[in-house]
Each structure stands twice: as C-alpha cells, then as structure tokens.
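Dear colleague,

I am handing over the structure that we spoke about, together with some notes on what was found in it. Please keep the structure open beside this email while you read.

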Amino acid sequence: GTAVSLRPDVGHTGHSPSTLSVADLRGARAPGPGGTTVRRVLTAQSATVRLSSGQAVDAWTYNGQAPGPAIVATQGDLIEVTLRNKDIEDGVTLHWHGYDVACGEDGVPGLTQPVVTPGEEFRYRFRADQLGTYWYHTHQASHIGVRKGLYGTLVVHPRVRQERQLDLTLPLHTFGDTLVVADQDGHTDHTAEAGTPVRLRLINTDPDPHRLTLSGTPFRVTAVDGRDLNHPGEISEVGLRLPAGGRYDVEFTMPHSPVVLVADDVVLRIAPDRAAARPEAAPDTAGWPELDLLHYGEPAPAAFDARKADRHFTLVLDRGVAVVDGRPAYAHTVNGRAHPSIPDQLVAEGDLVTFTVVNRSLDTHPWHLHGHPVLVLSRDGVPAAGSPLWVDTFDVRPGQVWTVAFRATNPGIWMNHCHNLPHAHEGMMLRLAYT
Ligand code: C2O
Ligand code: CU
C-alpha cells in the first residue's frame with residue numbers, strides 16, 4: 001500500500017510504532033451484543049442504467065445499478081462489504097460518507113488503502129454504532145466516479161423500530177442534465193395510509209445544493225447528516241436547502257390528501273391511496289422562505305466549552321493562482337494554496353478543535369471533514385441558537401464565515417475538503433492528521 005505512517009507517539013493500538021500506518025487502523029471484526037453481520041459484495045462495473053424517466057445512461061455502477069445496493073443495518077450490526085472492481089480502469093474505493101469508521105476503513109486511495117484496480121478487491125468492516133442516514137461513494141477520481149454512478153445509500157435503524165411506517169430513502173442525483181429523486185427501485189409515487197408516520201431520508205449526492213419543499217402537510221426535520229435534532233418544531237411553507245453530501249430526515253403524519261415533495265423542479269408524490277397518486281400540477285413553492293437550521297429546534301447543554309479549544313485553524317477559501325501538479329494554475333484554493341501543498345492540520349488525540357471557514361470566493365463550498373461530525377458554533381459571528389447542529393458537511397456560501405468544533409477522538413489522517421467534488425479535485429482539500 002501507499003499509506004502514510006503516523007508519528008510514533010500513536011501507540012495505543014499495540015502495533016510497534018515504527019510499522020504503524022493509517023491502513024492498520026481497522027474497524028471492529030464482530031457485531032455488538034445482539035447484532036448480526038450484514039455482508040455484501042459490491043462489484044464496480046460499467047453498465048447501462050435506465051432512469052425512472054426511461055432514459056438510458058452509460059454509468060459506472062456497483063452491481064450494475066445506480067444507486068448501488070442500499071445497505072441497511074440495525075444498530076450494533078457488523079457491516080462487512082467486499083468491494084471488487086470488474087472494469088473501472090480508474091480504480092475505485094468505498095468511502096462511508098459521514099460514518100465515523102476507523103481510519104483504515106475510510107476509503108481514501110493512497111492514504112488509507114491502495115486504490116482497487118480491475119481484478120482486485122478490498123474488504124471493509126465496521127460496527128453500525130451510529131444511527132441514521134448516510135451514503136457511500138468512491139473516493140478515487142470522485143469528481144467523475146460519483147457523478148457517473150458510484151454511490152449508494154447507508155441507513156442504520158435502531159434496535160426497536162416503529163411499526164407501520166413509510167420509510168423512504170431518497171438520494172438526489174443528477175445524471176447528465178436529469179435530476180433523479182427516486183427510491184431504490186426508481187419509484188417516484190408512493191402511498192401511505194392516512195395517519196401513518198412517514199419518514200423521508202433525503203441525500204444530496206450532487207456537487208451543488210438542492211432546494212426542497214414539502215407541501216400538503218406540516219412536517220419536522222428530525223435529523224441532519226444522520227444525527228437527531230433536539231425538539232425540532234413543526235414547520236410548513238418553508239424551503240430547505242440541502243448541501244452537497246448532506247442528508248435531512250423529514251417526518252410527518254400522512255394526511256388524507258397527497259403530500260408533494262419538490263426538489264428543484266422534480267416532483268415526488270405520496271398519496272393516501274392509489275387513486276389520489278396523480279393530482280394536478282405541483283404547488284408553486286418558489287417564494288417560500290428558507291429554513292435556517294442554526295435557529296431551528298431547542299438548545300441543549302453544550303457537549304464542550306468551545307472557548308477552551310486546544311487548537312484553532314482558519315481556512316480561507318478563494319480562487320486564484322496556485323501551484324497545481326508543479327505548475328501555476330488557476331484553482332480553488334485554501335489559504336492561497338491548492339492540494340497537495342496546503343499544510344496538514346495537526347491535532348493530538350483528545351484535543352478540542354475549532355476551525356473557521358471563510359469564503360472569499362463567488363462559489364458555494366460545502367465543507368466536509370472525514371471521520372468526525374462537527375458542531376456548528378456560529379455563522380457570520382452569530383452563534384447557533386437552535387438544536388445542537390452536528391454535521392459532516394456545511395454549506396459555506398460566498399462571503400460567509402462558519403466556525404465549527406469537534407473532539408479529536410478518531411486517530412488517523414483524514415481528508416478535510418470541499419464536497420463540490422470538482423472543486424476538491426482542483427485542489428480544495430487538505431489533510432487533518434493526528435500526531
Ligand atoms: Cu463524501 Cu471525501 O467525501
Ligand atoms: Cu468548493
């Protein structure tokens with residue numbers, strides 16, 4: 001492998017310090033008490049995929065389908081996925097977006113594992129300890145691979161599940177010019193008996209944000225990036241902006257009339273019975289104000305005192321001339337540089353880390369840290385005032401300044417990057433390394 005060695009003072013895994021590498025930091029090998037093993041084989045292969053619109057597209061897939069197989073587990077299960085590569089010449093990996101796996105399972109080629117080339121395989125194992133809505137995708141040439149179809153959903157349920165619930169996982173993905181919002185089977189119309197609890201798990205797999213509205217019922221955003229919000233209130237006639245890479249769980253009780261989800265201009269309907277499944281035109285929700293998640297839900301005691309941070313970093317995002325592949329080029333930059341010449345952020349295990357992201361460019365940058373959820377502290381100097389907001393991706397719009405915090409509890413070397421994957425490819429990424 002090409003994994004980078006950690007500094008020798010990370011010795012707690014019992015390896016001899018001189019041979020310890022990030023690739024040796026592996027996940028659990030057995031399920032937790034009462035759990036089982038969810039075993040899957042994902043074979044990366046090119047295939048022709050038929051979209052719900054009927055259109056056929058040349059895709060890169062896991063098991064011939066895009067999205068790839070849905071991975072569904074129960075808390076405490078062991079997830080064991082064998083990745084094989086049939087014919088994707090660029091190579092593939094699996095990155096568990098938002099899931100805080102051990103570093104050696106994180107799927108970053110050349111850092112946590114060698115890239116999986118045609119004919120090869122790699123086995124991932126980790127415990128499904130975190131509940132909620134996540135996704136997986138290749139991290140090799142991901143600006144091409146994800147767009148072409150190398151992604152899928154990961155959902156972890158609690159041990160005790162609500163009966164009689166419509167629970168839909170809905171990745172939003174753009175193939176060519178077509179935004180697809182459909183469940184695993186490609187369905188865009190659903191039924192749920194009136195009075196039934198409904199949960200929609202919305203996942204943005206695209207490089208840009210999507211605007212979502214839900215009409216026909218009041219609803220709650222109950223989880224963001226897989227993590228439950230504290231007492232989210234009932235809302236209606238608001239738009240939600242879902243950042244690239246981000247997830248919202250939306251819940252409501254099915255009314256006696258249809259509920260319409262609009263994502264940009266794509267419509268998905270949920271009706272109380274089949275006859276009502278195709279009503280008139282979608283409602284005009286364009287003028288609805290946007291929900292501000294920093295002021296939604298109720299505050300809860302802080303996980304830590306952010307004024308006591310052990311480390312603080314500032315990342316200034318911009319666009320300008322930087323050295324890319326040894327030559328000056330116009331690029332998306334962090335602190336005036338592009339990957340790989342952006343210095344690593346160094347932390348020690350146990351540190352409380354804060355970082356501020358300043359966007360001086362004219363583009364939105366969905367900022368994503370691997371391996372750790374971050375707590376949003378403030379935006380533009382205004383403290384977050386709603387439910388504690390733990391995210392793995394936050395949308396830093398032009399001119400905005402976000403400050404977030406996390407506890408360094410997952411040793412390794414982690415990518416910290418813009419999840420507009422073409423931006424990341426141009427150099428808007430750096431590494432956060434435990435010393
Ligand atoms: Cu979903 Cu490094 O990203
Ligand atoms: Cu960006």
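This is a predicted model: local features need pLDDT of at least 70, side-chain atom pairs count only at pLDDT 80 or more; totals for chains, interfaces and linings use all residues.

I begin with a loop, the one between strand 2 (56-62) and strand 3 (71-74), where Pro67 lies. The peptide bond that leads from Ala66 to Pro67 is cis, with omega near 0°.

Glu237, in the loop between strand 15 (227-228) and strand 16 (239-242), has a phi near 55°, which is a positive value in a residue other than glycine. Asn335 is not a glycine either, and its phi is positive at about 50°; this residue lies in the loop between strand 21 and strand 22.

Domains

For the protein chain, the domain assignment gives domain 1 (17-157), domain 2 (166-291) and domain 3 (306-434). Between domain 1 and domain 2, the C-alpha centres lie 25 Å apart, and the contact takes 18 residues from domain 1 and 20 residues from domain 2. On the side of domain 1 that touches domain 2, the elements that give two or more residues are strand 7 (132-137) and strand 8 (151-157), and strand 7 provides the largest share, four residues. If you sort that side of domain 1 by class, you will find nine nonpolar and nine polar residues, and no charged residues.

The UniProt record, in an unreviewed entry, lists residues 45-159 and 331-433 under "domain: Plastocyanin-like". In the model, the span 45-159 is 6% helix and 42% strand, and its end C-alpha atoms lie 34 Å apart. The span 331-433 is 5% helix and 50% strand, with its end C-alpha atoms 24 Å apart.

The nonpolar core

In soluble globular proteins, nonpolar side chains tend to be buried together. Which residues touch the most other members of the largest nonpolar core here? They are Leu202, Val376, Leu389 and Val404, out of the 113 residues that the core holds, while strand 18 (residues 259-263) gives the most to this core, with five residues. If you select Leu389 and leave aside its neighbours within four places in sequence, you will find it in contact with Val224, Leu293, Leu294, Leu375, Val376 and Ala384.

Strands and their partners

Strand 12 (residues 197-204) is mostly covered, since six of its eight residues are buried. Strand 12 pairs with strand 9 (residues 166-175) in the parallel sense over seven bridges, and Leu168 has Leu200 of strand 12 as its bridge partner. Strand 12 also pairs with strand 17 (residues 247-253), again over seven bridges but in the antiparallel sense, and there the bridge partner of Ile203 is Arg247 in strand 17.

Lastly, please look at Tyr330, which is found in strand 21 (residues 327-334). Why is Tyr330 counted as exposed? The reason is that Tyr330 has 12 other C-beta atoms within 10 Å, and a residue is exposed if that count is 12 or fewer. Tyr330 and Glu426 are 96 residues apart in sequence, and from C-alpha to C-alpha they are 8.9 Å apart in space.

With best wishes

Methods: Residues are numbered from 1 along each chain as its sequence is written. Chains are lettered from A and ligands numbered from 1 in the order in which they are written. Domain bounds come from an automatic or database domain assignment. Two residues are in contact if their C-beta atoms, placed from the backbone, lie within 7 Å. Ala, Val, Leu, Ile, Met, Phe, Trp, Tyr, Cys and Pro count as nonpolar, Asp, Glu, Lys and Arg as charged, and the others, Gly among them, as polar. UniProt positions are given in the numbering used here, feature names are shortened, and annotations may be inferred rather than shown by experiment. A nonpolar core is a set of buried Ala, Val, Leu, Ile, Met, Phe, Trp, Tyr and Cys residues joined through C-beta atoms within 7 Å. A residue is buried if 20 or more other C-beta atoms lie within 10 Å of its own, exposed if 12 or fewer, and partly exposed in between; C-beta atoms are placed from the backbone. Two strands pair if DSSP finds at least two bridges between them.
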